[in-house]
Amino acid sequence: MDALNQTRVTEFVFLGLTDNWVLEILFFMAFSVMYVLTLLGNALIMVTIVFTPRLHTPMYFFLSNLSFIDICHSSVTIPKMLEGLLLERKTISFDNCIAQLFFLHLFACSEIFLLTIMAYDRYVAICAPLHYPSVMHMKVCIQLVFALWLGGTVHSLVQTFLTIRLPYCGPSVIDSYFCDVPPVIKLACTDTYLTGMLIVSNSGAISLACFLALVTSYMVILVSLRKQSAEGRRKALSTCSAHFMVVVLFFGPCIFIYTRPDTSFSVDKVVSVFYTVVTPVLNPLIYTFRNEEVKSAMKHLRQRQVFFMKSCT
């Protein structure tokens, strides 16, 4: 035990996305732009919803929470990745690695639960419109958001415990650009088969179960749309298609990675980029450019801002 403590890993080294410095500079510029767009786009959605009374509905309440989670989720990994793209030796301390892992799973799991709740919201709105005001009132929405954060916290604590309980005495090189459970536990100097199975039953099962629930809800919605008017079908399909695009972009990589933690592929890092970098920046684009209410509210806020600035001069 003393020998193990003396050789305990105190920091990890990332291999990053590539060892080609030209590609690293290109990635740095591209991901920097995408990160800024993620922050600005999601912040704009949150401000628009908060300051537009007619958007104070369950659907937009959940959308503002999604924007908040996307800001947090991307901020867990992208700044460290951008730093690594500029450094020859990309390192992270053991404690910071565990913290990054914890918050990554907290926000990722919370987003999974939130997307599932948003699908349920659309299901009730389309399939039981007369009961919607009584089923999805604001008190229920707040309780659901509290529940998803609680569920995300419990999940993240379990993942973190499964990781830190293992001994790490070398090697210390992580074939990724951020700390996550599958690549980190591969570095443990003990058998991790049982831990891998627990991860599958936790992360993998949550991702797959929620995805199947989402697909089922959309199938029911599509069947019920046959009874709707042409205009009703158009609006419902527009909203649900935007949501489903986000679901596929986010759930696809999660299911691909967390249902097989004991097996790694070279494409894993590319897949990880989708749910840590690409999806958070696409969410504002998908929901904003496909939603007339949000675009109209943004235009109105812009006009109010211009009027206010003219009044002050």
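Mentor: Before we start, a term: buried means under 20% relative accessible area, exposed means over 50%, and partly exposed lies in between, with a 1.4 Å probe and protein chains only. This is a predicted model, where local features need pLDDT of at least 70 and side-chain atom pairs count only at pLDDT 80 or more, while totals for chains, interfaces and linings use all residues. Residues are numbered from 1 along each chain as its sequence is written, and side-chain values use heavy atoms, with hydrogens and water left out.

Trainee: Thanks! Let me try that on asparagine 96: is it buried, exposed or partly exposed?

Mentor: Asparagine 96 is partly exposed, because its relative accessible area is 48%. You'll find asparagine 96 in helix α4. Helices here are DSSP runs of H or I with at least four residues, strands are E runs of at least two, and both are numbered from the N terminus.

Trainee: And what does the side chain of asparagine 96 make a polar contact with?

Mentor: The partner is the side chain of serine 93, at 3.1 Å. A polar contact is a pair of N or O atoms within 3.5 Å; within protein, one must be able to donate a hydrogen and the other to accept it, and residues adjacent in sequence count only if both atoms are side-chain atoms. Asparagine 96 also sits 9.7 Å from phenylalanine 12, C-alpha to C-alpha, although the two are 84 residues apart in sequence.

Trainee: Which ring does phenylalanine 12 pair with?

Mentor: A search of the whole structure gives 14 aromatic pairs. One of them joins phenylalanine 12 to tyrosine 168, edge-to-face, with 6.1 Å centre to centre and 90 degrees between the planes. Phenylalanine 12 is in strand β1 and tyrosine 168 in the loop between α6 (138–164) and β3, so the pair links distant parts of the chain, 156 residues apart. Both phenylalanine 12 and tyrosine 168 are buried.

Trainee: What are the cut-offs for a ring pair?

Mentor: Rings of Phe, Tyr and Trp (its six-membered ring) pair if their centres lie within 6.5 Å; planes under 30 degrees apart count as stacked, over 60 as edge-to-face and the rest as tilted.

Trainee: Which rings are linked into a cluster?

Mentor: Ring pairs join Phe68, Phe102, Phe103, Phe107 and Trp149. Within that set, phenylalanine 68 and tryptophan 149 are edge-to-face, 6.2 Å centre to centre with 65 degrees between the planes. This pair bridges helix α3 and helix α6, 81 residues apart. Phenylalanine 68 counts as partly exposed, because its relative accessibility is 37%.

Trainee: Switching to charges: how many salt bridges are there?

Mentor: The search of the whole structure finds five. A salt bridge is a side-chain nitrogen of Lys or Arg within 4 Å of a carboxyl oxygen of Asp or Glu. Glutamate 11 and arginine 89 form one, their closest N and O atoms being 3.1 Å apart. Glutamate 11 is in strand β1 (residues 11–14) and arginine 89 in the loop between α3 (58–86) and β2 (90–93), 78 residues apart.

Trainee: Where do those two stand on accessibility?

Mentor: Glutamate 11 is partly exposed at 31% relative accessibility, and arginine 89 is exposed at 51%. For contrast, arginine 122 and aspartate 121 are both buried, and they form a salt bridge with closest N and O atoms 2.8 Å apart.

Trainee: What does aspartate 175 meet in a salt bridge?

Mentor: Aspartate 175 meets the side chain of lysine 269, at 3.0 Å from N to O. Aspartate 175 lies in the loop between β3 (173–174) and α7 (181–185) and lysine 269 in helix α10 (residues 268–289), so the pair ties together parts 94 residues apart in sequence. Aspartate 175 is partly exposed at 47% relative accessibility, whereas lysine 269 is buried at 16%.

Trainee: Last one: what does the UniProt entry list as "transmembrane region"?

Mentor: The unreviewed UniProt entry lists several stretches, including 25–52 and 98–120. UniProt positions use the numbering here, feature names are shortened, and annotations may be inferred rather than shown by experiment. In the model, residues 25–52 are 93% helix and 0% strand, with the end C-alpha atoms 40 Å apart. Residues 98–120 are 100% helix and 0% strand, with the end C-alpha atoms 33 Å apart.
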